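Hello,

Here is the structure we discussed, with the sequence alongside. My notes on some of its helices follow below.

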Amino acid sequence: MNYSGDTHCDAGSTCVFVNEWYSQCQPSTGTTTTTAPTPTSCSGTTKFKFFGVNQSGAEFGNQNIPGQLGKDYTWPSPSSIDFFISQGFNTFRIPFQQERMSPPTTGGLTGSFNQTYLSGLKTIVSYITGKGAYAAIEPHNFMRFNGAIITSVSDFSNWWSKLATEFKSNSHVIFDLMNEPFGIDASTVFNLNQGAVNAIRAAGATTQMILVEGTSWTGAWTWTTSGNSQVFGNIRDPNNNVAIQMHQYLDQDGSGTSDICVSSTIGVERLQAATQWLKDHNLKGFLGEIGAGSNSQCIAAVKGALCSMQQSGVWIGALWWAAGPWWGDYFQSIEPPNGTAIAEILPQALKPFL
């Protein structure tokens, strides 16, 4: 930067890191300390066991149920899977609509599966796992079915027992029980998740990892204030192969709808309390969704988040939101070859953590 002046703050000021190129002296209210800039490389890390992208498409068109394949919804592209595997990634989350899998007209959650839709899911899962990668399958329903909040533990558990039976011979399948419940008491969400874990194992699916998600859109930054932290420490799996899935976006309201990040350090800050909670409860975390804009501040924020996760030793996976063939110019699209996030996010923010 060609700056040759003093690099120390005066007494009564504190050096505050702004980004990896710039720090600023600001008035201090206590003992003067120096905050070191975030290093450009991340040391002392444990690499993620599961690292990849969400492959979105089969959950599209949820206003049209059952909808038409190719018009209302689509399945991920095998060529997209191949691209990410060639880059070194190994995990793909496959959202789908529960109402398409279990049509309300044929019994809903307690009825039979739509075999055509199930076949579509099985096809892409087989493609992914046939490449040696992992496929996380998840109903993208926010703990709602056919317009009503799911409250029956027995219905939800039996539904997962049936689905797990379809995939129990494939150890590279991950069962992600429900995407982003919200507007529901954390204890209700916990009971639904625990019941499903028990049912999956009882169905003979003993080798697959299970991901459980909390209320309040399973946000990492609200994990300790939403009620999740009071109940999910009690999650139990007889096979000891369960992880807590959280999501985190870096814009002002944490919704992932803006490409402007709050700061270059917001990723670290929003994960800090959740990371400590995982450590305190001897649980593993899985960041099922992270996304941000393709600009220097967001790239620094994503890198900071992933670095802190790998340094913590408690986060076993992370997935970018999202790839998928129908995203167009969506600012977080990482669909090859021309998704907006391909040019900068992929090489600068994600690949350094492989």
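This is a predicted model: local features need pLDDT of at least 70, side-chain atom pairs count only at pLDDT 80 or more; totals for chains, interfaces and linings use all residues.

Helix 7 (residues 266–280) packs against helix 8: their axes come within 8 Å and cross at roughly 20°. With the limit for roughly parallel set at angles under 35 degrees, that makes helix 7 roughly parallel to helix 8. The crossing is right-handed. On the helix 7 side the contact is made by Ile266, Gly267, Val268, Leu271, Thr275 and Lys279, and on the helix 8 side by Ala301, Gly304, Ala305, Ser308, Met309 and Ser312. By class, these residues are six nonpolar, five polar and one charged.

**Helices 3 and 4**

The other pair I looked at is helix 3 (residues 115–130) and helix 4 (residues 153–167), whose axes come within 11 Å and cross at roughly 45°. The two helices are therefore oblique to each other. Helix 3 passes helix 4 in a right-handed crossing. Leu118, Leu121, Lys122 and Val125 of helix 3 meet Leu163, Glu166 and Phe167 of helix 4. This contact has five nonpolar and two charged residues, with no polar ones.

Regards

Methods
Residues are numbered from 1 along each chain as its sequence is written. Side-chain values use heavy atoms; hydrogens and water are left out. Axes are lines fitted to C-alpha atoms, for helices over the stretch in contact, and angles run from 0 to 180 degrees between N-to-C directions. Helices (H or I, at least four residues) and strands (E, at least two) are DSSP runs, numbered from the N terminus. Angles under 35 degrees count as roughly parallel, over 145 as roughly antiparallel, 65 to 115 as roughly perpendicular and the rest as oblique. A crossing is left-handed if the near helix is turned anticlockwise from the far one by less than a right angle, and right-handed if clockwise. Contact means heavy atoms within 4.5 Å. Ala, Val, Leu, Ile, Met, Phe, Trp, Tyr, Cys and Pro count as nonpolar, Asp, Glu, Lys and Arg as charged, and the others, Gly among them, as polar.
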